[in-house]
Amino acid sequence: MSGKKSYNVVVLPGDGIGPEVVEQAVRVLELVSSKSKDFELNLKSYNFGGVAIDAAGKPLPDDTRNACKAADAILLGAVGGPKWGVGKVRPEQGLLDIRKELDLYANIRPASFPSESLLAYSPLKESIAKGTDIIVVRELVKGLYYGDRKEADLDTPGGDGEATDMMVYNRADVQRITRLAAYLALQQSPPAKLHSVDKANVLATSRLWRRVVTETVQHEFGDKGLELDHSLVDSTAMLMVSNPRKLNGILLTENMFGDILSDESSVIPGSLGLLPSASLSGLPDGKSRCNGLYEPIHGSAPDIAGQGIANPIGTILSAALLLRWSLGQKEAAENIESAVRKVLDTEQMGGLGLRTKDLGGEASTKEVGDKVCAELEKLL
Ligand code: IPM
Ligand code: MG
C-alpha cells in the first residue's frame, strides 16, 4: 500500500500544434507524478475537436465526454483549423459543449510577464507594458453564447431576414463568478483589486451584473478589505492598451466581453505561447470537487503545426494550474512554475539561447520541454 492519492487526468491533444505542446506538458506531469510521494497521475488521451470530427463525426464523442465528466481534471491543447472551419460540424462546438456540460463557469486568463526578459516582445511600448499583471475572470456558460438563438433565413423568399442572440444572466450566475473572482483576489497579498466590467449604461444584464457584484462583495467579503470598482467595457478596452497597469488585479466580466478583453490582454506580455488558462466548475479552495479544463491561451496555429517549433510553455504552465486548482498540489505547481522561470531567465543571461521561434529563437518544442524537465528534476 503506497497510500498515494491517485488522480485521473484526461488529456485532449486536439488539433494543429495541440498534440506537440501537450506532449511536453504530459512529460512534465509524468515527471512530477513519478517523483511525488503524495500522489500519482493517471493520464489518458481522448479525441476532441477536429480530430474527433474526422474519427467519429463529432467534436465531442461520447467516450471523451464521459471521461471528461469523470475526470479530476482535463488538459487540452487546442482545437480548430481551416480544414473544419467552414463545415457544418465545427471543432469549436465541442469546446462550447464541454464548457456547458461540465458547468465550467469560470474562465481564468492571466496576462502578466512570466519573466521581465520578455518585455521587448510586447506590442506596447515597454514603459506602458511593464508591470502589467491582470487576471481576466470571464463568466463562461451564460450570456450571448448560450441564450436562445435564431439564425436568419436569408435564402427563403419572404423570410424576415432577422437573426437573434439572447443574453441572459440571473442573480446566482453573477454571485458565483463574483465569489470566485473574490477568492482569487484574496489569494494575493495584499488582496488584488477587483475591476468589474460591464455595459450598464445600455444593457439590463449589465445593470443586474453591477448590482449583484457590488452586493456580493459587500455582503460576503465586506470585512476582507477587497477593493471593487466598476467600468464600462468600451473605456476598459481603451485603457487596456493606453495604461494597462490601471487594470492590474482581477478583471471580472461576462462571457462575450471577457472573450474580447482576454484576447486583448493576452497579447500585452508578448508571446501568446507563454500564457496558461483554466476553466473551472467551482471554487479552487480544496473544499469541494473542482473539475477544470486547462489549456494554453493560444490557438491551434495550423500554419506551424507538425514542425515541432511551437512554444510549449503556455501548456506546461496550464499543467501547473491544473495541479494547483483541481488537484490541490500547490508545491508541485510551484516547482513547475519555478522551472519555467529558470528556463526563461537563463535565456536572458544568454547561457542557452533557448527560445522558440515566437520569441525570436530557434529552439524546438522538445528542446524547451527537455530543459523544463531538467530544471524541474533538480527541484523534485
Ligand atoms: C475562446 C475562443 C472560443 C470562445 C471560441 C473558439 C468558441 O475564442 O476560448 O476565447 O469564443 O469562447
Ligand atoms: Mg476568444
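**View 1. Gln24 is buried, with a relative accessible area of 3%.** Buried here means under 20% relative accessible area, with exposed over 50% and partly exposed in between (1.4 Å probe, protein chains only). This is a predicted model, in which local features need pLDDT of at least 70, side-chain atom pairs count only at pLDDT 80 or more, and totals for chains, interfaces and linings use all residues. Residues are numbered from 1 along each chain as its sequence is written, chains are lettered from A and ligands numbered from 1 in the order in which they are written, and side-chain values use heavy atoms, leaving out hydrogens and water. Gln24 lies in helix 1; helices (H or I, at least four residues) are DSSP runs, numbered from the N terminus. Leaving aside residues up to four places away in sequence, Gln24 touches Pro312, Ile316, Thr365, Lys366, Gly369 and Asp370, where contact means heavy atoms within 4.5 Å.

**View 2. Helix 1 (residues 18-35) packs with helix 11 (residues 313-326) at an angle of about 40°, with their axes 8 Å apart.** Axes are lines fitted to C-alpha atoms, for helices over the stretch in contact, and angles run from 0 to 180 degrees between N-to-C directions.

**View 3. Helix 1 and helix 13 (residues 365-379) pack at an angle of about 15°, with their axes 9 Å apart.** That angle makes helix 1 roughly parallel to helix 13. Among the contact residues are Glu20, Gln24, Arg27 and Lys35 of helix 1, together with Lys366, Asp370, Cys373 and Glu377 of helix 13. The contact of helix 1 with helix 13 divides into 7 nonpolar, 3 polar and 6 charged residues. Cys373 is buried, with a relative accessible area of 9%.

**View 4. Cys290 is buried too, with a relative accessible area of 4%.** The structure holds 0 disulfides (pairs of cysteine sulfur atoms within 2.5 Å). For Cys290, the nearest cysteine sulfur is that of Cys68, 15 Å away.

Terms used:
Helices (H or I, at least four residues) and strands (E, at least two) are DSSP runs, numbered from the N terminus. Angles under 35 degrees count as roughly parallel, over 145 as roughly antiparallel, 65 to 115 as roughly perpendicular and the rest as oblique. Ala, Val, Leu, Ile, Met, Phe, Trp, Tyr, Cys and Pro count as nonpolar, Asp, Glu, Lys and Arg as charged, and the others, Gly among them, as polar.
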